[in-house]
Amino acid sequence: MSRPGPKIPPLSVTDAQRAVLEGWLRRRTTAQALAQRSRIVLECADGHSIMEVSRRLRITPDTVRTWRRRFIERGLDGLCDDPRPGVPRKITDADVERVIVKTLEETPKNATHWSTRSMAAATGMSQSTVSRIWRAFALAPHRSQTFKLSTDPLFIDKVRDVVGLYLDPPEKALVLCVDEKSQIQALDRSQPVLPMMPGVPERRSHDYVRAGTTTLFAALEVATGKVIGSLHRRHRAAEFKKFLTKLDKEVPADLQVHLILDNYATHKTPDIKKWLLAHPRFHLHFTPTSASWLNLVERWFAELTQKKLKRGVHRSVQALERDIRAWLADWNEHPRPFVWTKTADEILDKVAAYCRRISDSGH
């Protein structure tokens with residue numbers, strides 16, 4: 001007969017410890033190793049044997065024994081990793097706090113923002129230490145972003161109106177996002193572009209010669225992604241009226257037309273209002289002031305800029321317009337709609353939370 005093994009000490013978990021362990025399992029940011037150790041303890045506390053826990057969690061029995069024993073000896077602290085051997089820590093929590101506070105609340109005397117070198121000189125730490133602290137707390141003083149909050153008194157109503165058209169468009173109607181990309185420059189580099197070679201990227205001169213400008217009027221069909229475009233040398237209400245006439249001809253007569261526009265003055269002149277009265281199937285929906293990001297055609301303009309205009313070389317306005325027309329025709333052969341996902345309430349809640357943060361920070 002085989003001799004019985006050593007008696008395994010019982011493992012019990014208090015209600016408070018169970019709450020902590022289950023919280024570690026639910027939290028998405030918990031490290032995978034800590035989550036696994038929490039499962040081991042909870043499984044053992046439920047009365048499962050070491051072999052059964054090993055089989056259920058697909059780990060070795062020795063792993064189960066290790067964390068079972070450490071929990072019995074040291075409780076929740078036993079599930080955390082032991083300090084690794086090495087040089088004792090020299091940077092204290094107070095030092096870290098000093099760097100963070102200085103980064104967030106002060107600026108250097110001779111610059112608009114901190115660098116790792118200037119912060120190191122100001123705090124007496126090494127540049128690498130400052131860099132590690134900034135990375136740990138996701139601080140990047142060298143970066144900045146632009147923003148502008150709309151002051152439109154009808155901001156909420158307009159957001160609900162535009163987003164409602166995206167998420168729940170009316171039946172027997174066409175929703176078009178309309179805008180103008182004005183002052184598109186025909187640019188010719190001062191020297192020929194050197195093509196890409198293995199190990200060498202494409203190279204172009206930093207300066208250029210302007211050959212003139214053009215304006216693209218575009219209407220993006222929300223449902224299909226198709227675009228109706230028209231090029232004009234000037235950007236006035238007269239050109240916008242011509243574009244509306246083109247839309248009237250190309251959109252089937254039995255459909256109502258809902259246009260999403262910005263608040264540019266050319267969209268609201270008496271001549272445009274008179275044209276709209278004569279064409280009652282056209283309905284205008286204006287985005288809030290300083291909120292052109294609500295207009296999906298802006299996303300299409302970004303595609304055009306990035307894929308065709310930014311690195312294009314055009315020696316004349318005519319060449320530029322030919323390229324834009326060709327790119328537009330190619331887009332409409334295989335259109336790709338931009339899908340709007342956020343509801344109006346989600347947008348408004350995010351704007352409100354941002355305003356609260358600004359208010360709390362004292363700006």
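Predicted model: local features only at pLDDT ≥ 70, side-chain atom pairs only at ≥ 80, totals over all residues.
Two packed helices are described by the angle between their axes and the distance between the axes. In the model, helix 11, which spans residues 297-309, packs with helix 12, which spans residues 317-333, at an angle of about 120 degrees, and their axes lie 11 Å apart. Helix 11 is therefore oblique to helix 12, and the crossing in which helix 11 passes helix 12 is right-handed. On the side of helix 11, the contact involves Trp300, Glu303, Leu304, Lys307, Lys308 and Leu309, which meet Leu320, Asp323, Ile324, Trp327, Leu328 and Trp331 of helix 12. Of the residues in this contact, eight are nonpolar and four are charged, while none is polar.

His232 belongs to strand 3, which covers residues 227-232. With a relative accessible area of 14%, His232 falls under the 20% cut-off and is therefore buried. Its side chain makes a polar contact of 2.9 Å with the side chain of Ser230, and, when residues up to four places away in sequence are not counted, His232 touches Thr214, Thr215, Phe217, Glu239 and Lys242.

Most residues other than glycine have a negative phi. Gln183, by contrast, has a positive phi near 55 degrees; this residue is located in strand 1, residues 173-189, and counts as exposed because its relative accessibility is 53%. A positive phi, near 60 degrees, is also found for Ser290, which is placed in the loop between strand 5 (282-286) and helix 11. Ser290 has a relative accessibility of 32% and so counts as partly exposed.

Key
Residues numbered from 1 in each chain as written. Heavy atoms only, no water. Axes fitted to C-alpha atoms, helices over the stretch in contact; angles between N-to-C directions. Helix = DSSP H or I, 4+ residues; strand = E, 2+ residues; numbered from the N terminus. Parallel < 35°, antiparallel > 145°, perpendicular 65-115°, else oblique. Left-handed = near helix turned anticlockwise from the far one by under 90°. Contact = heavy atoms within 4.5 Å. Nonpolar A, V, L, I, M, F, W, Y, C, P; charged D, E, K, R; others polar. Buried < 20%, exposed > 50% of the residue type's maximum accessible area, 1.4 Å probe, protein only. Polar contact = N/O pair within 3.5 Å; in protein donor to acceptor, adjacent residues only side chain to side chain.
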